[in-house]
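Please consult the model shown here.

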Amino acid sequence: MAEISRLPGPVMDLWEWQFEGACRDADQDLFFHPEGERGSARRRRAEAAKAICATCPVLKECREQSLAVREPYGVWGGLSEEERAAVLAERAGRRTTVTA
């Protein structure tokens, strides 16, 4: 008989948290900047997206998923592209410090 204990769980179990996202009923354009958007317009849009994230019951799951897959665009789990890059850099720095 095949050993199934090491197989991944059902896919639905891995993604079901997304059905609880506060962003599901929001305008998706709020979470992704249009080409050429800069400065205060970009900040205001991102802050509005983050305000929705702040009310989200699955913020932690969303944030960790976006970091795990290195999501390159948009606001995910209350973090912008730049904020996710900073978190990943900090985590990488801690790993190299510990192993050095």
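Questions and answers on this structure follow.

Me: On what basis are the values given?
Reply: Residues are numbered from 1 along each chain as its sequence is written, and side-chain values use heavy atoms, with hydrogens and water left out. This is a predicted model, in which local features need pLDDT of at least 70 and side-chain atom pairs count only at pLDDT 80 or more, while totals for chains, interfaces and linings use all residues.

Me: Is S80 buried or exposed?
Reply: S80 is placed in the loop between α3 (59-68) and α4 (81-99), helices being DSSP runs of H or I of at least four residues, numbered from the N terminus. S80 touches K50, G74 and V75, leaving aside residues up to four places away in sequence; contact means heavy atoms within 4.5 Å. Buried means under 20% relative accessible area, exposed over 50% and partly exposed in between (1.4 Å probe, protein chains only). Because its relative accessible area is 9%, S80 is buried.

Me: What is the phi of R70?
Reply: R70 also belongs to the loop between α3 and α4 and counts as exposed, at 55% relative accessibility. Most residues other than glycine have a negative phi. R70 is not a glycine, yet its phi is positive, at about 55 degrees.

Me: Which elements give two or more residues to the lining of the largest pocket?
Reply: The largest pocket holds about 400 Å³ of space. Of its 18 lining residues, the closest to the centre are C23, R24, F31, C62 and W76. The elements that give two or more residues to this lining are α2 (39-54) and α3.

Key
1 Å grid on protein atoms, 1.4 Å probe; cavity = no way out; pocket = protein on both sides within 12 Å on 5 of 7 lines; lining within 4 Å. Points joined across faces, edges and corners; volume = space filled by probe spheres on them.
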